[in-house]
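I opened the model and kept notes as I went. The entries follow.

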Amino acid sequence: MLRIFLIQGAVVGLLGSLVGSTLATGLLAAWRMIAKNPDGTPMFPISMDFNLFFWSAVIATLTGLLAAVTPALRASRLDPVVAIRG
């Protein structure tokens, strides 16, 4: 039971960071197309570092894992039959 909660927390953190980073990259690309000077140059030169993409996924996964520790410890103390029923 402990392992299930910890894996679920890590997966939710990883998927959340991947979805968030993908949406941010897409919105940044849309912003680059919209925000242009009259001569066609970008109004704000913003770039996305893919190292940031990686580290945000790592930190969000660890955060999800840490957030799942308390419920996982509580669930591991319960009898599996009681946990399923209640």
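Helices here are DSSP runs of H or I with at least four residues, numbered from the N terminus. This is a predicted model: local features need pLDDT of at least 70, side-chain atom pairs count only at pLDDT 80 or more, and totals for chains, interfaces and linings use all residues. Residues are numbered from 1 along each chain as its sequence is written, and side-chain values use heavy atoms, without hydrogens and water.

Entry: threonine 61. I located threonine 61 in helix 2 (residues 50–67). I found a polar atom of its side chain 2.7 Å from the backbone oxygen of alanine 57. I then looked for contacts (heavy atoms within 4.5 Å). Setting aside neighbours within four places in sequence, threonine 61 touches Ala10, Gly13 and Leu14.

Entry: helix 1 and helix 3. I took axes as lines fitted to C-alpha atoms over the stretch in contact, with angles from 0 to 180 degrees between N-to-C directions. The axes of helix 1 (residues 2–34) and helix 3 (residues 69–77) come within 8 Å and cross at roughly 160°. Helix 1 is therefore roughly antiparallel to helix 3 (the term covers angles over 145 degrees). From helix 1, I list Leu2, Phe5 and Leu6 in the contact; from helix 3, Val69, Pro71, Ala72, Leu73, Ala75 and Ser76.

Entry: aromatic pairs. I searched the whole structure and got two. Rings of Phe, Tyr and Trp (its six-membered ring) pair if their centres lie within 6.5 Å, and planes under 30 degrees apart count as stacked. Tryptophan 31 and phenylalanine 44 have ring centres 6.2 Å apart and planes at 20°, so I logged the pair as stacked.

Technical notes: Helix = DSSP H or I, 4+ residues; strand = E, 2+ residues; numbered from the N terminus. Polar contact = N/O pair within 3.5 Å; in protein donor to acceptor, adjacent residues only side chain to side chain. Parallel < 35°, antiparallel > 145°, perpendicular 65-115°, else oblique. Phe/Tyr/Trp six-rings, centres within 6.5 Å; stacked < 30°, edge-to-face > 60°.
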